[in-house]
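I opened this notebook to record what I looked up in the structure. The entries follow the order of my reading.

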Amino acid sequence: MSIFPDLCAVKLETSLTALELFERCQDEPYALFLDSASKTHENARYDVIFRAPECVISSKNNKLTVSGNNQSDLPKAPTHAADMFDYAEQLMALAGRYEGPDHLPFQGGFAGAVGYDFGRCLEVIPEFNTNEYKSNDAALGYYSEAVIFDKRRNEVWLVAPEQDLNKQKAYWEQSLTPASNNRLKLTSAWQSNMSEAEYHTKFNAVQAYLLSGDAYQINLAQRYQASYQGCEWAAYKQLRASNNAPFSAFMRTPQSAILSVSPERFLSTSAAREVQTKPIKGTRPRYEDSNKDAASRQSLLNSEKDRAENLMIVDLLRNDLSKNCNPGSVKTPTLFAIESFPAVHHLVSTITGKLKPNCSALSLFKGAFPGGSITGAPKIRAMQIIEELEPNRRGIYCGSIGYFSKHGQSDTSITIRTLLAEEGQLYCWAGGGLVSDSQAADEYQETKDKVSRILPVLSS
């Protein structure tokens, strides 16, 4: 029995970009834009717009909530948020058929955002900090409607219910009312939740944990906060233009807006059940002077410390992938590649695998969340120490945004370089992995480098 509609796909005739087309629905609850903003990155093929989900599964403080017009038709939802992905799997099995091109990455399924603090539902983490955010810890919608921009083929496709296909095609192809010039304006200066001296104190506490053998690497982040007025979507467009990040995203929820200019993939799966993750670990700043910039890049490439740091996370993720991948299928085809972005150079490795017959993209995500590149190793102990040392919860920061199509394809980001906007407050985080030979001044400066194309952009 299907509880969600049968879907078709049709080409859209539009001269608008995905960014321009999303204007018409950006203020709708659960409107989501997965934006491959980079023009050159190898993973920047698709832009996908989602709107009007059939239902939404959300979690807050370990409780699961289901909303939507067809709630009475849905199987009974579990109570605990830890079962969120199992329930999504159950609903995915009740999806209608799809008739359209096989190559489209999304053919109906779930999409949304999962915050770092959803990890509390999956692991035993102490609670030193209150959940101060109004936003849900996670929200996944089942979408029967998506607009897909395939930049490689130069095609635009609409996936929609059969009975609504002509109506939705007309909606997307109608002329667009120009957006207002409502900008976002900061009404206070950015304020960190720790001073430089406090960062150094917490850095020393991390070193004590590393020396005692509690962990090999611990990610420590600071949070910036500012008051604002105006349009979050306008702010996203500013940030996008300055960062060109391949895993950018904007999501509107009833409580908030998420603005992400992330350079990092978390997990992807193909319809052929192939898995990939691309952890980032290792950073150097960019410079306008080409010689200085090249020297910074080479410094990262030659750094034994950054390579060791990266390798720790590669080993952690290989283990996480092995929970859901065939024995012997987990490989590391690329170690320590350099990827360059407007603000920084990054050291990136690639890990691949093949899903077991009884596993899926959703079970893979659940088994690996949150991503090891933003916790440390071993993961659970690192998360416990993070909770002790960071003054506030992370919310969406270091969580994930992406989609899970019913035909098996998925793609999710790590939500670094990501802001949460709610109740007139903007939150932005920056952190880095600390190891035994890290230097406090260097690590503190790295957090500044990572937001050098974010905080000043909105301040102006």
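**Helix α11 and strand β20**

I looked up the surroundings of α11 and found that its buried residues pack against α5 (196-211), β13 (217-230), β18, α8 (304-322), β20 and β25 (425-434). Contact here means heavy atoms within 4.5 Å, and buried means under 20% relative accessible area (1.4 Å probe, protein chains only). Helices (H or I, at least four residues) and strands (E, at least two) are DSSP runs, numbered from the N terminus.

I noted that this is a predicted model, in which local features need pLDDT of at least 70 and side-chain atom pairs count only at pLDDT 80 or more, while totals for chains, interfaces and linings use all residues. Residues are numbered from 1 along each chain as its sequence is written, and side-chain values use heavy atoms, with hydrogens and water left out.

I then listed the buried residues of α11 (residues 440-450): A440, E443, Y444, E446, T447, D449 and K450.

Which strands pair with β20? Pairing requires that DSSP finds at least two bridges between two strands. I recorded these partners:

- β17 (residues 274-277) is antiparallel to β20 over 4 bridges, and T277 has I351 as its bridge partner.
- β18 (residues 280-285) is also antiparallel to β20, over 4 bridges, and R284 is bridged to H345.
- β19 (residues 331-340) runs antiparallel to β20 with 6 bridges; E339 has H346 as its bridge partner, and a hairpin of 3 residues joins β19 to β20.

Definitions and conventions. Buried means under 20% relative accessible area, exposed over 50%, partly exposed in between (1.4 Å probe, protein chains only).
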